[in-house]
Amino acid sequence: MSADEDKRPLHHSEVAKHADKDSLWVIVNGNAYDLTEFAPEHPGGMGILLKYAGKDATEA
């Protein structure tokens, strides 16, 4: 797989499938991030990440 194929655009509907503690993705500034492994260590707690899980968290 080339680097370009690895960076294919994701639709919001794909990110929305990852909206719980077992698979937690967010969008920030147009980029999707998988925070699943980081969530338990988040300094502000997992709750704030779950609030935006599967959504665009840019403004937050």
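Contact here means heavy atoms within 4.5 Å, a cut-off to keep in mind for the close-ups of this predicted model.

**View 1. Leucine 49 and the residues it touches.** Setting aside residues up to four places away in sequence, leucine 49 touches Leu24, Leu35, Phe38, Ala39 and His42. Among these, Leu24, Leu35 and Ala39 also belong with Leu49 to the largest nonpolar core.

**View 2. The largest nonpolar core.** Seven residues come together here, and the core has 7 members: Leu24, Val26, Leu35, Ala39, Leu49, Ala53 and Ala57. In soluble globular proteins, nonpolar side chains tend to be buried together. For the protein chain overall, buried residues account for 22% of its 60 residues.

**View 3. The hairpin of E1 and E2.** Strand E1 (residues 19-20) runs antiparallel to strand E2 (residues 23-28), and 2 bridges join them. Look for alanine 19, whose bridge partner in E2 is leucine 24. The hairpin linking E1 to E2 passes through 2 residues.

**View 4. The hairpin of E2 and E3.** Here 4 bridges connect E2 with strand E3 (residues 31-34), again in an antiparallel arrangement. Tryptophan 25 stands opposite aspartate 34 of E3. Between E2 and E3 lie 2 residues, and asparagine 29 in the turn has a positive phi of about 50°.

**View 5. The whole chain, for orientation.** Of the contacts with a separation of 6 or more, 49% are between residues 24 or more positions apart. The accessible surface is about 4,600 Å², with 51% belonging to carbon and sulfur atoms.

Key:
Residues numbered from 1 in each chain as written. Predicted model: local features only at pLDDT ≥ 70, side-chain atom pairs only at ≥ 80, totals over all residues. Heavy atoms only, no water. Buried < 20%, exposed > 50% of the residue type's maximum accessible area, 1.4 Å probe, protein only. Areas by Shrake-Rupley, 256 points an atom, 1.4 Å probe, with all protein chains shown as cover. Core = buried A, V, L, I, M, F, W, Y, C linked by side-chain atoms within 4.5 Å. Pairing = 2+ DSSP bridges.
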